[in-house]
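Have the structure open as you read.

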Amino acid sequence: MDAIETPVTHIGSTVPVFLRGGGKMGALIRAHVWRDSPLGPPQGWSLPLLTTVRTLLGSKVPMLVAWGPDLRVLYNDSYAPLLNDRHCDALGHPLAQVWDEIWSDVRPFVDGALAGETTGADNLPIVIPGGGLEEQRYFSFSCSPVYDQTETVGGILVISVETTGDVLADRRLNFRIALKDRLRDLDDPHEVMFAAAETLGLHLRADRVGYAEIDADTMFFVERDWCDAGMPSLAGRHRLDDFGPALIAEFRAGNTVAFADALTEPLTSGEGVAEAFHSVSTRAAITMPLVKNGTLAGVLYVHGREPRHWTESEKGLVREVAESTWAEVQRARSESALRENHRRQDLLLRLLDGQRKTHDDQFIMQAAAEAVGRHLVVDRVGFFEMAEDNTLQFLSGWTDGRLPLLTVPLPSIGIGTGYLAEVRAGKTLGISDTRADPLTADSLFGEIGTVSLIGAPIIREGRWQAGLYVNHAEARAWTDDEIGLVREVADQTWDAVERARAERALQGSDARLHLALDAGRIGAWSLDIGRDSADRTPRHDAIFGYETPVAEWSFKRFLDHVLPEERDRVQSCFQSAVEGQTEWHLECGIERADGARRQIEVSGRPQRDGAGTVIGFIGVVIDITEERHAEERQALLVRELHHRVKNNLATVQSIINFTLRTSESMETFQAGIGNRIGALARSHTLLTDNEWDGAELEHILRAELEPYDDGGRLQLEGPRFFLPADAAVPLAMAVHELTTNAAKYGALSVEEGRLDIRWMTEASQEGRKLSLDWIERDGPPVSLPTRRGFGTTLLERLLGRQLAGGVEIKYLPQGVQVRIKALIQNS
């Protein structure tokens, strides 16, 4: 290239004026030894090159010039950070050498500029090496030709701006919306966790994502995780200690842990820790602990099979997903628990009804075992009784075919010494994996195919008498509800077994009769009407609250225990039995000697003298309190369910009718009805989280507007205001209509749009007056509507009829403004 023929003014004796200033890069260029470079000393550079270098050194925009046949590089301070650790070696080197890893990505743009065209791209993804790791970043840049004095292209000028932050922000917003849509209709907590893991894994381009729940503070259990092709799953039960005390301490403290490489991370330097990560194909990880009420409840983990640098944005997103999804999991668990409780109560009541109708104890146990097995979807369920030689004698049971029925007696020590001690203490336990649990380390469960189990010991008078076992051929984490159900079925069924055996024993001798009655917790009595005196078994007096039998008993003393409001009915029923010479049977409430109120069932057969006159009764008394409580709970649940279903159906019917009348086509009807019922569901989710007491106004607003909030578009201002359930639902529907309109036509339909929501409340004699202003601005131009829309009609009906309020809508040029007024009672 031609040198400048005119003299160049210098600073001192060697430095050209054009290199004056320029920050750190100006100093580096001045200090660089150029005589060995193809560009030669700066005093000989061409005027276009001098001008370009002077321009970039004075610019705050990242700029680079590449000059000469092999495109030697010069750049300014703003461009230096884009080079990472290559910055020190890049000056004066060929562009292809400086950007060797990404040369294939940028070369088409360079070639275009060398051909005389200005090229460039927006948000181009570039994988940039640095610190031994690769990092994907995004850039918008232009690549322009720079002509020399001969009017040929002597080099190129690159003006580059990193847009990684903007791209990731957009992706994060889209991710939030996608995750919310994915979770909206899920009601199974494990499906919620998997859906969140899969969505997050695909978004972060990770290899494995999942939730691990902490079990007994020493183990963690993964039900199901999302894995990329070829990545092994962590599903199953694992020891926390395998991952080192340093990491576990960070988790318990609630600290998010992220490392780029397990082989070099200080937190994984403990003995065997890096090997533990290597065994599950993990080099890079983000782990977000979930600490609830001071206890480590679980973690959300994101794993990569190769070393990887995690950005602050990625770590923040993992924290956000962990907390928000955990809330969804808790909601799903609450709803699942309610459904499970309905099924559980139904199972117990059906069993109780069947147990009352038979005296066959083997049939009672077999029916209960099958009902539990099918309800819990397990492989084997059955009962056993303890023999005098300390062996488990297996009775009736049920199997799905995967495991054989147990028939051969098992020594009690065969369940493991640790587990045996817990059972003898009367504890009902669930073992997730008998192969790994210390309690069953020396057991014989492996020989009978039992990998996971629930065992409910039946303790009578301080002695381990029998038990109900639930076996499964695979590892399984048992819930508290499942363990509780097995406990209830064990007690209820064994009571029925003892009662059935006792009732059979009534057909035998008096000695056998007393034994059977005591075993069945049935009190027997014989009343002499003439003397008003009764003989009883000890169990009879125990039912009435006496720890030791009382000296005397009479019908009058019995009536003294009957609740005052029931005494007349009980005495009338007894008198009718005496006069009609019929059996005496009734249920009534009593107040025991210890003050407790119980429900009993009394049955008696008349005893006659030689003339056929009734002189007494012989019968039994049974405490049926728990049975009646179970029936009452079931009835209450059914009534509550009917009430809520009726209200929900009425609301849905109203939405359907309104939408149908105002929709122009089936497509608009389908979209409208789906969105409005979705809004109804979201309001119900908020109410369910508060056990249907109501919801806060701000929570209702944020639940609807969250997908549109980028941190600056929304401004919510007002006092905390708790709405009762009957006000929360219509107000949530109104907010949905306003949000939908703003997203389609108003401020939320454009990126620069803004929305302000302000509210205030005022006390009045009728309740609390709510005034809420919805103010849109910086959106598309606003014009008056040509017809009255469904949204306006719905707002007026919702607020007018259900909240004794109204709505005022102004179509101002700068944006729609809506004022909602409502009267809220019981706020």
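This is a predicted model: local features need pLDDT of at least 70, side-chain atom pairs count only at pLDDT 80 or more; totals for chains, interfaces and linings use all residues.

## Loop residues with positive phi

D778 sits in the loop that runs between β30 (768-777) and α22 (790-803). Residues are numbered from 1 along each chain as its sequence is written, and side-chain values use heavy atoms, with hydrogens and water left out.

What is the phi of D778? It's near 60°, a positive value in a residue other than glycine. Most residues other than glycine have a negative phi. D778 counts as partly exposed, because its relative accessibility is 43%; buried means under 20% relative accessible area, exposed over 50%, and partly exposed in between (1.4 Å probe, protein chains only). Q581 also has a positive phi, about 55°, although it is not a glycine. You'll find Q581 in the loop between α17 (567-580) and β23 (584-591), and with a relative accessible area of 37% it is partly exposed.

## A buried loop residue

Now look at E265, in the loop between β12 (257-259) and α9 (273-279). Is E265 buried or exposed? Its relative accessible area is 18%, so E265 is buried. The C-alpha atoms of E265 and A284 are 9.5 Å from each other, with the two residues 19 apart along the chain.

Helix α21 covers residues 725-744, 20 residues in total, and spans 29 Å from its first C-alpha to its last. That's close to the expected 28 Å, where the expected span is 1.5 Å times one less than the number of residues. The helix is mostly covered, with 15 of its 20 residues buried.

T739 is part of α21, and it counts as buried because its relative accessibility is 1%. A polar atom of the T739 side chain lies 2.8 Å from the backbone oxygen of V735. Leaving aside residues up to four places away in sequence, T739 touches E704, L705, Y708, L748 and W774 (contact means heavy atoms within 4.5 Å).

## Two helix pairs

Helix α20 (residues 697-705) and α21 cross at roughly 35°, and their axes come within 10 Å. Axes are lines fitted to C-alpha atoms, for helices over the stretch in contact, and angles run from 0 to 180 degrees between N-to-C directions. The α20 side brings L697, I700, L701, E704 and L705 to meet A728, L731, A732, V735, H736 and T739 of α21.

The other pair is α6 (residues 164-183) and α7 (residues 189-204), packed at about 155° with axes 10 Å apart. That angle is why α6 is roughly antiparallel to α7 (under 35 degrees counts as roughly parallel, over 145 as roughly antiparallel, 65 to 115 as roughly perpendicular and the rest as oblique). R171, R172, F175, L179, R182 and L183 of α6 make the contact with V192, A195, A196, E198, T199, L200 and H203 of α7.

## The whole protein

Zooming out, the protein has 22 helices and 32 strands. Of its 827 residues, 47% are buried. Among contacts between residues at least 6 apart in sequence, 56% join residues at least 24 apart.

Notes
Helices (H or I, at least four residues) and strands (E, at least two) are DSSP runs, numbered from the N terminus. A polar contact is a pair of N or O atoms within 3.5 Å; within protein, one must be able to donate a hydrogen and the other to accept it, and residues adjacent in sequence count only if both atoms are side-chain atoms.
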